[in-house]
Amino acid sequence: MANETILVVEDEAQIRKFLRISLEAHHYTVHETRLGAEGLALCATAQPHLVILDLGLPDLDGQQFISRLREWSNVPIIVLSVRADETQKVAALDAGANDYVTKPFGISELMARIRVVLRDTRQSTATQSLFESQGLQVDLSQRKVSVDGNPIHLTKKEYELLRLLIAQPGQVLTHRQILGEVWGPAQQEETHYLRVLVGQLRNKLGDDPANPRFVITVQGVGYRLAIPLALNDQSQP
Ligand code: CA
């Protein structure tokens with residue numbers, strides 16, 4: 001979608017420049033800053049549709065930035081994180097980031113993530129009771145699930161897990177987020193519960209973990225719903 005505004009908060013000038021050129025080439029309006037505090041101020045004044053946030057900033061750490069922004073804003077955040085720093089990535093997602101891209105990243109991957117997050121934000125204002133993607137159909141008003149037209153009977157927890165995944169298609173949900181929603185905050189560390197539940201859900205959906213059609217494992221982080229690239233590209237101008 002043309003002319004959506006993106007705020008880039010990144011202290012490395014090279015990466016900022018690269019992002020500005022790439023984003024402007026995709027018709028986004030870009031604001032940028034190297035400082036977290038200025039980034040927070042720009043969120044209020046420039047009202048971006050999305051924030052791209054580097055986790056290692058000179059003045060604020062990424063998590064502080066996210067927590068402070070989330071006190072008053074739901075603007076989607078995509079985090080830029082350093083490879084192999086799973087803990088940092090997970091903490092950022094738990095603090096309220098919507099997704100992440102690992103440095104060094106390809107611009108096509110980042111653009112895909114941006115489209116997914118923006119598309120999700122646009123749709124979340126509309127009430128949708130029917131989800132359909134790649135043969136998976138979920139009628140949220142009736143709590144009915146089918147795959148390729150065949151009805152699937154899910155337990156309450158299996159359905160709850162699936163509902164969470166389709167609520168943010170293509171975006172990663174952390175173990176803690178899913179556990180907190182499905183089992184409650186007291187069980188947020190019980191990742192083995194979740195592994196078992198994901199196994200059951202995959203089994204019922206006929207999904208192959210080695211070659212997933214629906215549920216993708218994000219190693220050490222969580223899970224995301226697979227979405228077809230065509231869907232990814234829908235919001236392209
Ligand atoms: Ca940095």
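**Entry 1: phenylalanine 18.** I began with phenylalanine 18, which counts as partly exposed because its relative accessibility is 35%. Buried would need a value under 20%, and exposed one over 50%. I note here that the model is a predicted one.

**Entry 2: aromatic pairs.** I looked for aromatic pairs and got a count of 2. One of them joins phenylalanine 18 and phenylalanine 105; I logged this pair as tilted, with 6.1 Å centre to centre and 45 degrees between the planes. Phenylalanine 18 belongs to helix 1, while phenylalanine 105 sits in the loop between strand 5 (99-103) and helix 5 (107-124), so the pair ties together parts that are 87 residues apart in sequence. I then checked phenylalanine 105 for burial: its relative accessibility is 12%, so phenylalanine 105 counts as buried.

Tryptophan 183 and tyrosine 193 also form an aromatic pair. I logged this pair as tilted too, at 5.6 Å centre to centre and with 50 degrees between the planes. Tryptophan 183 is found in the loop between helix 7 (175-182) and helix 8 (191-205), and tyrosine 193 in helix 8, so this pair ties together parts that are 10 residues apart in sequence. For tyrosine 193 I wrote down a relative accessibility of 31%, which means that tyrosine 193 counts as partly exposed.

**Entry 3: helix 1.** I went back to helix 1 and checked its length. Helix 1 runs over residues 13-25, and its 13 residues should span 18 Å at 1.5 Å a residue. The end C-alpha atoms of helix 1 are 18 Å apart, which agrees.

Next I asked which residues of helix 1 are buried. I listed Ile15, Arg16, Leu19, Ser22 and Leu23. These residues cover an arc of only 140 degrees around the axis, so they lie on the same side of helix 1. On the other side of helix 1 I found Gln14, Lys17, Ile21 and Ala25 exposed. I also looked just past helix 1, where histidine 27 takes a positive phi of about 70 degrees.

**Entry 4: serine 129.** My last stop was serine 129, in the loop between helix 5 and strand 6 (130-133). Its relative accessible area is 38%, so serine 129 is partly exposed. What does serine 129 touch, not counting residues up to four places away in sequence? I noted Val138, Asp139, Leu140 and Ser141. For leucine 140 I also took down the C-alpha separation from serine 129, which is 4.9 Å, although the two residues are 11 residues apart along the chain.

Definitions and conventions:
Residues numbered from 1 in each chain as written. Predicted model: local features only at pLDDT ≥ 70, side-chain atom pairs only at ≥ 80, totals over all residues. Heavy atoms only, no water. Helix = DSSP H or I, 4+ residues; strand = E, 2+ residues; numbered from the N terminus. Expected span 1.5 Å × (residues − 1). Buried < 20%, exposed > 50% of the residue type's maximum accessible area, 1.4 Å probe, protein only. Arc of directions from axis to C-beta. Phe/Tyr/Trp six-rings, centres within 6.5 Å; stacked < 30°, edge-to-face > 60°. Contact = heavy atoms within 4.5 Å.
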